[in-house]
Amino acid sequence: MIATKEALKIILANVRALKAVRNPLDKVLGCCLAEDIWADRDLPPTDRSAMDGYAVRAKDLAESPCELRLVGEVAAGSAKCPKVTAGTCVRILTGASVPGGANAVVKVEETTERDDFVKFLSITKVGANICIQGETVTKGRVVLCKGTVLNAAQIGLCASVGKVAVKVYGRPGVTVLCTGRELREAGVKVEPHQLRNSNGPALRAALENAGISRIGHQIVPDDPRIIAEKMKAAAAKYNVIILTGGVSVGKYDFVPEAVRQIGATVRFHGVAMKPGKPQLYATLSGNRHIFGLPGNPLSVLTGFGELVLPAIRRLSGLDAKSCHVTLKLPLVRSVSSKANRAAFVLGKLIGSGKGLRVRPVESCGSADLVAGAQADGVVLVPKNVRRIAAGELVEFTPWRSIP
Ligand code: AMP
Ligand code: MG
């Protein structure tokens, strides 16, 4: 059995970023940039006023109070600009280009205007209230680097340097096949011997959380022929297939057999982690990937966070180093593990910012989704470590984004 870190290494060695595509700005939120974005002109493109007020020559205001003759107006978007000469000023609105001859802007609040004359109540300095051309960025400078996962501000920046579309890595389509003849979807009648399918909705949500929009999901019975058929059909449409259940060594665990039937290459089967030991990873040609997660809900969520999500991030274009995100956080209470493999213990985040800590959440085992619902992620208790004391730093994998 291989260690979790080794399993992650094998996955990342097999997964490649999907082909880059040029997409319009309204389709790239959360996508990973596949090109550098540079400024196509200086920002701001001219010297601009930061205030509503009057453009002046600073030396004309040497004596306060003084009066200057108003010779015109310039607003944001005005192309024509009256010149400021000795003894004159121009009314200027925020965002307008500073007229030739002027070297300062005085805020309207520090003036009074009457009959084409403006009275200035204070002196001013050269450059006051003026944003200098190129002070934000100069033409040709890179403003966003390849590899950036685009947020709202960054998409705004792309538009401000003239982009209507940018090159981003494609995002994978992912399908979830939940195996188990005991499974029923919520909303239909369940008999005592049957179980509601919670893995399907949980994985769909976790995928949406990771920015995936092309998601398939269905229940599949414990039949190797049908599992193989469904996988084959899914492999024609999706980059990633996640199976839940049926991956261990029980009489009705047919996932490994079905994976081999469709000609996939098994890269590992069995990971030294708790929960999630029987995990399987296989590949098909053409950068297609199959994950078999044991069926218990907490095994599914842990396996997804530790191994599947990093693969999805890599396919989406993130570099390998950024694919598995963990935080080093102090423990609020001690945790212990009797497992002879790495244990992932549920944890809840407490506090915020630099005061962020993690409190272990007790569970009755890997089927305990009530405990799982209290947690924000998992704490790693490494192999051969029996106990980690309160206050010590632990590695925490978040299941949600941390504000
Ligand atoms: P398996 O890995 O198939 O042996 O399943 C392990 C346990 O997880 C069994 O108790 C299953 O009934 C349960 N289980 C399997 N699939 C699901 C699912 N989709 N939702 C909730 N529980 C499941
Ligand atoms: Mg099963």
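1. Basis. In this predicted model, local features need pLDDT of at least 70 and side-chain atom pairs pLDDT 80 or more, while totals for chains, interfaces and linings use all residues. Residues are numbered from 1 along each chain as written, ligands from 1 in the order written, and side-chain values use heavy atoms, without hydrogens and water.

2. Position of R314. R314 belongs to helix α6, residues 297–315 (helices are DSSP runs of H or I, at least four residues; strands are runs of E, at least two). Beyond its neighbours within four places in sequence, R314 touches L12, V15, R16, A17, D319, A320 and C323 (contact: heavy atoms within 4.5 Å).

3. Charge of R314. R314 is buried (under 20% relative accessible area, 1.4 Å probe, protein chains only) and has no salt bridge (a side-chain nitrogen of Lys or Arg within 4 Å of a carboxyl oxygen of Asp or Glu). The nearest side chain of opposite charge is that of D319, 6.8 Å away. A polar atom of the R314 side chain does lie 2.7 Å from the backbone oxygen of L318.

4. Ligand 1. Among the 15 residues around ligand 1, the nearest are E182, N197, N199, G246 and G295 (a heavy atom within 4 Å). Strands β13 (174–179) and β15 (195–196) each give at least two residues to this shell.

5. Polar atoms at ligand 1. Oxygen atoms of ligand 1 lie 2.5 Å from a polar side-chain atom of E182 and 2.9 Å from a polar backbone atom of G246. A nitrogen atom of ligand 1 is 2.8 Å from a polar side-chain atom of N197. The protein buries 77% of the 480 Å² that ligand 1 exposes when taken alone (Shrake-Rupley method, 1.4 Å probe).

Note on methods
Buried means under 20% relative accessible area, exposed over 50%, partly exposed in between (1.4 Å probe, protein chains only). Lys and Arg count as positive and Asp and Glu as negative; His and the chain ends are not counted. A polar contact is a pair of N or O atoms within 3.5 Å; within protein, one must be able to donate a hydrogen and the other to accept it, and residues adjacent in sequence count only if both atoms are side-chain atoms.
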